[in-house]
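Student: I'd like to learn how to read the fold and the helix packing in a model like this one. Could we go through it together?

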Amino acid sequence: FEAIDSLENQFDTVVIDVGAGIGGNAVSFAAAAQDVVVVANLEPTSLADAYALIKTLATKRGVKHVRVVANMVRNAAEG
C-alpha cells in the first residue's frame, strides 16, 4: 500500500487488477480504493465471485458503492 500511495502525486488514476474471488489481497485492495469496479461475465463462477466480493466489501469493510462491468456480453439485454 505504501508503494501505491507513493504514486498519488504522479498519476491521476491507478488501476489494479486483482484475481477473482474474496482472497485477502483482492478484498484489501478493493476496500482501500477510492472507486471499486467489479468485472463479471455470464459464467456462474464469475457471477458468484463478483457477488461474494461485493457482499464481503459491503458487510465487512463498509464499502457503500461498487460499479459493475458486464464483460463478454453480446448485447445490452444480456448485460
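Tutor: Gladly! Let's begin with a term: contact means heavy atoms within 4.5 Å. Keep in mind that this is a predicted model.

Student: Among contacts between residues at least 6 apart in sequence, what percentage joins residues at least 24 apart?

Tutor: In the protein chain, that share is 63%.

Student: Which elements does the chain have, and what pattern do they follow?

Tutor: There are three helices and two strands, and along the sequence they read α-α-β-α-β. The C-alpha atoms fill a box of roughly 40 × 25 × 20 Å along the principal axes.

Student: What percentage of the residues counts as buried?

Tutor: Of the 79 residues, 18% do. As for the surface, the chain exposes about 6200 Å², with carbon and sulfur atoms supplying 53% of that area.

Student: Now the helices. What describes two packed helices?

Tutor: The angle between their axes and the distance between the axes. Here, helix H2 (residues 24–32) packs on helix H3 (residues 44–60) at about 55°, and their axes lie 10 Å apart. That angle makes H2 oblique to H3.

Student: Is the crossing of H2 and H3 left-handed or right-handed?

Tutor: H2 passes H3 in a right-handed crossing.

Student: Which residues make the contact?

Tutor: From H2 come Val27, Ala30 and Ala31; H3 contributes Leu53, Thr56 and Leu57. Sorted by class, the contact has five nonpolar residues, one polar residue and no charged ones.

Key
Residues numbered from 1 in each chain as written. Predicted model: local features only at pLDDT ≥ 70, side-chain atom pairs only at ≥ 80, totals over all residues. Heavy atoms only, no water. Axes fitted to C-alpha atoms, helices over the stretch in contact; angles between N-to-C directions. Helix = DSSP H or I, 4+ residues; strand = E, 2+ residues; numbered from the N terminus. Parallel < 35°, antiparallel > 145°, perpendicular 65-115°, else oblique. Left-handed = near helix turned anticlockwise from the far one by under 90°. Nonpolar A, V, L, I, M, F, W, Y, C, P; charged D, E, K, R; others polar. Buried < 20%, exposed > 50% of the residue type's maximum accessible area, 1.4 Å probe, protein only. Areas by Shrake-Rupley, 256 points an atom, 1.4 Å probe, with all protein chains shown as cover.
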